[in-house]
Amino acid sequence: MKKLILSLLVVATVFTAQAQINTPSSSPFCKLEQMVGLTNITIEFSRPSVKGRELFVEVEKWGKVWRTGANASTKITFSDDVKLHGKDVPKGTYAIYSIPDPNEWTVMLYKDLSLGGQVSKYDEKQELLRFKVKTMKMPMSAESFNFMFDNLQDNSAEIAFMWGNYYVPFNVEVEVDSRVSKQIEQVMGGPSRGEYYTAARYYYVNDKGMGQALDWIQKANAIDSKFWQLRLEAQILAKMGRYKDAIATAEKSTAIAKEAGNLDYPDMNARSIAEWKGTMNGGGANK
């Protein structure tokens with residue numbers, strides 16, 4: 001009998017642990033993502049509904065800090081530095097809090113993402129910035145709280161949240177021209193030192209053509225000689241049978257590595273030089 005009772009208890013415990021009842025949220029979660037210029041902006045928020053109540057009287061309050069949504073903190077993420085309402089904002093994720101007002105709404109970016117609806121613990125020291133915007137009244141009513149992006153330009157957009165008849169817009173500016181100009185300079189200027197090195201190393205490792213690999217690595221070293229690049233050039237030269245040139249280049253690699261405080265490359269170069277000299281002394285190619 002005791003075994004039967006114990007078995008029933010185990011089954012009941014397992015059933016209780018596995019049982020879940022999912023019901024719709026009264027304030028469903030929403031994730032909104034928008035590219036503005038070359039910057040990605042993401043807003044994560046929950047959407048309370050009016051449900052016949054008088055906003056900011058029966059639900060939320062005029063002049064009081066509001067989480068600007070429901071449930072967890074409403075969050076906005078910028079992939080790059082931006083200007084929000086003319087103020088500098090470093091890239092990152094922030095919570096959006098606000099103070100409702102019939103005429104002039106206050107919007108704050110908050111650094112603590114865990115506060116949620118505990119606005120009694122709101123700490124102004126955690127604010128990144130705050131600004132005021134004109135509260136606009138809409139001719140129609142938005143039943144569920146929402147964010148939107150509007151007036152998308154190459155380097156700016158309008159972000160707004162709305163609920164009931166209230167519409168609160170503010171401007172975001174992103175940097176485009178300097179980023180595009182830099183890309184143009186890079187592309188028009190040809191491959192970078194690192195790209196030449198990567199291509200040369202791929203050809204060397206896969207034995208695809210040492211002549212082309214040598215051309216690329218020499219171009220990389222012409223831009224800026226690095227000890228790891230010089231070692232690759234030496235290895236390519238050795239694979240081509242040009243051992244004297246390989247040894248001279250490896251010695252340059254060693255000198256630069258020592259200046260940089262690197263101990264690994266001098267050791268690797270020393271072993272390679274000894275091997276190449278042995279090949280030369282044994283009657284190998286010596287070009």
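This note goes through selected features of the structure above, point by point.

1. Basis of the note. The structure is a predicted model, in which local features need pLDDT of at least 70 and side-chain atom pairs count only at pLDDT 80 or more, while totals for chains, interfaces and linings use all residues. Residues are numbered from 1 along each chain as its sequence is written, and side-chain values use heavy atoms, with hydrogens and water left out.

2. Helices (H or I, at least four residues) and strands (E, at least two) are DSSP runs, numbered from the N terminus. Strand 1 and strand 2 pair in the antiparallel sense over eight bridges, where pairing requires that DSSP finds at least two bridges between two strands. Within this pairing, Met-35 stands opposite Asn-40 in strand 2. The two strands form a hairpin with two residues between them, and Gly-37 in the turn has a positive phi of about 65 degrees.

3. Leu-38 is found in the loop between strand 1 (29-36) and strand 2 (39-46). With a relative accessible area of 33%, Leu-38 is partly exposed, given that buried means under 20% relative accessible area, exposed means over 50%, and partly exposed lies in between (1.4 Å probe, protein chains only). Together with Val-180, Ile-184, Val-187 and Met-188, Leu-38 makes a nonpolar surface patch of about 480 Å². Patches are made of residues with over 30% relative accessible area and no salt bridge, with like charges joined within 9 Å and nonpolar side chains (Val, Leu, Ile, Met, Phe, Trp, Tyr) within 5 Å. The accessible areas come from the Shrake-Rupley method with a 1.4 Å probe, and for residues only the protein chains shown count as cover.

4. Positive phi values in two loops. Most residues other than glycine have a negative phi. His-85, in the loop between strand 4 (82-84) and strand 5 (87-89), has a positive phi near 55 degrees. Asn-151, in the loop between strand 9 (136-150) and strand 10 (156-174), likewise has a positive phi, near 50 degrees. His-85 is partly exposed at a relative accessible area of 35%, and Asn-151 counts as partly exposed at 47% relative accessibility.

5. Leaving out residues up to four places away in sequence, Leu-115 touches Ser-73, Tyr-97, Tyr-110, Lys-121 and Tyr-122, a contact being heavy atoms within 4.5 Å. Leu-115 and Ala-72 are 43 residues apart in sequence, yet 7.8 Å apart in space, C-alpha to C-alpha.

6. Helix 5 and its surroundings. Helix 5 (residues 227-239) has 13 residues and reaches 18 Å from its first C-alpha to its last, close to the 18 Å expected at 1.5 Å a residue; the expected span is 1.5 Å times one less than the number of residues. The helix is mostly covered, since eleven of its 13 residues are buried, including Phe-227, Arg-231, Glu-233 and Ile-236. The buried residues of helix 5 pack against helix 3 (193-205), helix 4 (210-223), helix 6 (243-259) and helix 7 (264-281). Helix 5 is followed by Gly-241, whose phi is positive, near 85 degrees.

7. Salt bridges. If a salt bridge is a side-chain nitrogen of Lys or Arg within 4 Å of a carboxyl oxygen of Asp or Glu, the count comes to seven salt bridges. One of them joins Lys-219 and Asp-215, with the closest N and O atoms 3.4 Å apart, and both residues lie in helix 4, four residues apart, about one turn of the helix. An α-helix has 3.6 residues a turn, so residues three or four places apart point the same way. Another pairs Asp-224 with Lys-226, the closest N and O atoms being 3.1 Å apart; Asp-224 is partly exposed at 33% relative accessibility, and Lys-226 is partly exposed with a relative accessible area of 24%. The side chains of Arg-242 and Asp-245 also meet in a salt bridge (3.0 Å, N to O). Salt bridges that share partners join Glu-124, Glu-127 and Arg-130 into one network.
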